[in-house]
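Visitor: I would like a close look at the ligand site. Please keep to that part.

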Amino acid sequence: MSSNPINFNRRKTLKAFAASALYSIASPGLLSAKEQSSLANSINIPKDINPLDLAQNEDFWENIAHFYDKADGIVNLEHGFWGKMSRPVKDKYLEYTEKVNTELSYYARKNYAKDSQNSAHSVAAALGAKNTEVALTRNATEAVHNLLRQYNDFSKGQTVLYTDIDYPSFKDAMIWLAKSQNVEPVKVVLPPQANQTQILDLYIQAFDNNPNLKLMLLTHVSNQHGLLLPVAKISEEAKKRGIDVICDCAQSWGLVNFNIEELNVDWAAFNLHKWIGSPVGIGALYMKEGSLKKISPYPGELDPSDTDINKRLHTATVNFAAVLTVPTVMAFHQAIGPKNKAARLHYLHSLWAEEARKMRHIEVLGGSDPASCTGMGAFRLKGKTSLNEVSALQKHLETEFGVFTVIRKGLDSGYCIRVTPQVFISASEIAQLTHALKHTKIV
Ligand SMILES: Cc1ncc(COP(=O)(O)O)c(C=O)c1O
């Protein structure tokens, strides 16, 4: 036996996962109670500890990091692009890839429909939605684009709203939508730093200034700087005024903890390949029961009673193995605990952002109160907002300090550098960023 308790735990946990993988390879679909408890046991969360305390327990998170294959040589703080699969998820995905590649159409024709439905049900359960309210997509973009393109309730003189913090290609899609539907686009600019009250007030002001507003895009967590929007309150105000809301949850699910009912929206788009930890190529569309009428069926599909969410999509051939892996993905996510993950990522953000806020040469972007912050954040040198200036800073951090980040373009206030640690990033790796920021006065 190893004298290192972490190594010992690691071996034990991987063995437990291997056992559960073998158990379920024969029958993809929802995980059995035995598999679920095997996953939970292998993660081994200390009893009676709250997520905020667990967030600061480096030993626990070091153990979690052992579930992931780690690349050496760089502190990678750019995990907002897509997430890494944990090793148990990756192993399962490889097994399913082999299965699909071996059994081919014989499997797909006979059993895939049922198995993919099980995968969709595991997503619905994790979101707190009904099975009839969730359909799998390939990504969040597919879900948002279908909602926008198939929205059928415009009339002349109406407007659509988006903000500068929305996902850049969705802002373009809103402009396209306005043009193609002959309605007016309204863009709202949010300040580079904001708290929950300010954000809500700005949305209410925009609603009052635009009485013909009909449809809006609302981004739960901005891909620019991780700002968390008070979606439920904004949506409540929107509903009072008859404004329909499409909520982009591509960066929020898994980064923050929530149940779909809490968001108070009729339509939402998700992916699982960022913060939930699935193989690349899995997203989800949520449509609240009773909300299908204003979203026409996908071209060529029929749904006279407006009750079948699956008629709002036509995804055709997909990555079968990725879809089959979804129940394992959800089980691993649940085993760490959505609250624990969100608290850890929020804590990692606070470690660098609180220090950076004290540095006179750094501007921290996004939430200005803890309730508006997430694990994702952004910064730049004060007054240096151009592409050239921000590119030079990103390069400097990478080459001089070994810290990898990414430039974000899209805010009206200018370019910035985004920081997105994952659950396998340690506090000492975050300290490398803080050290770099401290010593980066001029680039
Ligand atoms: C806020 C936001 N919305 C939507 C997307 C698109 O997600 P997907 O690649 O799953 O379509 C992204 C991707 O980075 C994003 O950050």
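Visitor: How far does a polar side-chain atom of Q251 lie from an oxygen atom of the ligand?

Guide: The distance is 2.9 Å for Q251, within the limit for a polar contact (a pair of N or O atoms within 3.5 Å). This is a predicted model, in which local features need pLDDT of at least 70 and side-chain atom pairs count only at pLDDT 80 or more, while totals for chains, interfaces and linings use all residues. Residues are numbered from 1 along each chain as its sequence is written, and side-chain values use heavy atoms, with hydrogens and water left out. H273 also has a side-chain N or O atom 2.9 Å from an oxygen atom of the ligand. For K274, the distance from a side-chain N or O atom to a ligand oxygen atom is 2.6 Å. The protein buries 90% of the 390 Å² that the ligand exposes when taken alone (accessible areas by the Shrake-Rupley method with a 1.4 Å probe). Around the ligand (a heavy atom within 4 Å) are N139, A140, T141, Y167, F170, N223, D248, A250, Q251, N271, H273 and K274. The ligand sits in the second largest pocket. Here a pocket is an open set of points, on a 1 Å grid over the protein atoms alone, where a 1.4 Å probe fits, with protein on both sides within 12 Å along at least five of seven lines; sitting in it takes more than half of the molecule's atoms within 2 Å of its grid points.

How values were computed
Polar contact = N/O pair within 3.5 Å; in protein donor to acceptor, adjacent residues only side chain to side chain. 1 Å grid on protein atoms, 1.4 Å probe; cavity = no way out; pocket = protein on both sides within 12 Å on 5 of 7 lines; lining within 4 Å.
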